Amino acid sequence: LIAQVQVSKEAHHKKVLENKYVRLLDVWIDPGDTTLFHIHSTPSLFLHFTNTDVGSQIMGQQWVKNRNEMGRASYRYFTNDTLVHRVSNIDTSLFHVTDIELLSAYEPGIPVQPLPYTVLFDNEKAIAYKLTQSSFDKKIISNRRPMIAELVQGQEVIYYDVLKKKSTSILTGKYLYIEPMSSFYFSAKENENIQMVLFEIK
């Protein structure tokens, strides 16, 4: 029998943020490297930062090859369909993905009007938005739920907290947790090819 660990305890899955609502695991796998078998049992949001060929093996099954595409965001419930698998980077470059485990809802059952951005998906747990250069018009966003902004492409996006009068830089491949009920706007340098994903927890 092969030992299994919860995904948050698997060595490639680095826990970089945990609070009441989310646990963010930052996952880097070198070319030719393989994770341990690990268990996904918590509803999770995923975001890919690289174009990488990977192999994945569900315990007891054959390896399956997948192409992961930069900027692809997805959701899986996992609560009733626990996944035990391992992942191997079969490419020549680093594989980078984040796994945001959803630990607690913010205001379950209260409807959310999506923000005026491109909606990638909207389900019972979260909304995922895609933001590009044209999204950054310094419009103030306020009275929202907990959010995580992740920059897939482009050097930098500035998050400006209107109440605290404080700016924070989000760099490529990095994330920013945004407290619920914050007032803020995003900005970026002109002519920068930006691709950012914003997850809002319901």
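Predicted model: local features only at pLDDT ≥ 70, side-chain atom pairs only at ≥ 80, totals over all residues.
Student: How does strand 1 connect to strand 4?
Tutor: The two run parallel and are joined by two bridges, with strand 4 covering residues 38-40. As for partners, Gln6 is bridged to Ile39 in strand 4.

Student: How many bridges hold strand 14 and strand 17 together?
Tutor: Four bridges, in the antiparallel sense. Within that pair, Ala149 stands opposite Leu176 in strand 17.

Student: Now the greasy bits. Which residues touch the most other members in the largest nonpolar core?
Tutor: That core has 21 residues, and the ones touching the most other members are Tyr117, Leu131, Ile170, Ile178, Phe186, Met196 and Leu198.

Student: Which strands supply at least two residues each?
Tutor: Strand 12 (126-132), strand 14 (147-153), strand 15 (156-161), strand 17 (175-178), strand 18 (183-187) and strand 19 (195-201) each do. There is also a second, separate core of 20 residues, which includes Ala126, Val152, Val197 and Phe199.

Student: Take Ile170, then. What is it in contact with?
Tutor: Leaving aside neighbours within four places in sequence, Ile170 is in contact with Ala149, Leu151, Gln155, Glu156, Val157, Tyr159, Tyr175, Leu176, Phe186 and Met196.

Student: Strand 15 keeps coming up. What does it pair with?
Tutor: One partner is strand 16 (residues 166-171), which runs antiparallel to strand 15 and is joined to it by six bridges. In that pairing, Glu156 stands opposite Leu171. Strand 15 also pairs with strand 18, in the antiparallel sense over four bridges, and there Tyr160 stands opposite Tyr185.

Student: What's in the turn between strand 15 and strand 16?
Tutor: The two strands form a hairpin with four residues between them, and Lys165 in the turn has a positive phi of about 50°.

Student: Which residues are on the covered face of strand 15, and which on the uncovered one?
Tutor: Val157, Tyr159 and Asp161 make up the covered face, while Glu156, Ile158 and Tyr160 make up the uncovered one. As background, side chains in a regular strand alternate between the two faces of the sheet.

Student: New topic: Thr98. Buried or exposed?
Tutor: Thr98 counts as buried because its relative accessibility is 2%, and the cut-off for buried is under 20%. Thr98 lies in strand 10 (residues 95-102).

Student: What does Thr98 touch?
Tutor: Not counting residues up to four places away in sequence, Thr98 touches Leu24, Leu25, Asp26, Leu45, Phe46, Leu47, Phe49 and Glu150. With Glu150 there is a side-chain polar contact of 2.9 Å.

Student: And Asn143, where is that?
Tutor: Asn143 is in the loop between strand 13 and strand 14. At 55% relative accessibility, Asn143 counts as exposed. Asn143 also has a positive phi of about 55° although it is not a glycine.

Student: Which residues is Asn143 in contact with?
Tutor: Leaving aside neighbours within four places in sequence, Asn143 is in contact with Met181 and Ser182.

Student: What about Met181?
Tutor: Met181 is found in the loop between strand 17 and strand 18. Its phi is near 65°, a positive value in a residue other than glycine. Met181 is partly exposed, with a relative accessible area of 42%.

Student: Last one: Ser135, buried or exposed?
Tutor: Ser135 is buried, with a relative accessible area of 13%, and its place is in the loop between strand 12 and strand 13 (141-142). Not counting residues up to four places away in sequence, Ser135 touches Tyr117 and Lys130.

Definitions and conventions:
Residues numbered from 1 in each chain as written. Heavy atoms only, no water. Pairing = 2+ DSSP bridges. Core = buried A, V, L, I, M, F, W, Y, C linked by side-chain atoms within 4.5 Å. Buried < 20%, exposed > 50% of the residue type's maximum accessible area, 1.4 Å probe, protein only. Contact = heavy atoms within 4.5 Å. Polar contact = N/O pair within 3.5 Å; in protein donor to acceptor, adjacent residues only side chain to side chain.
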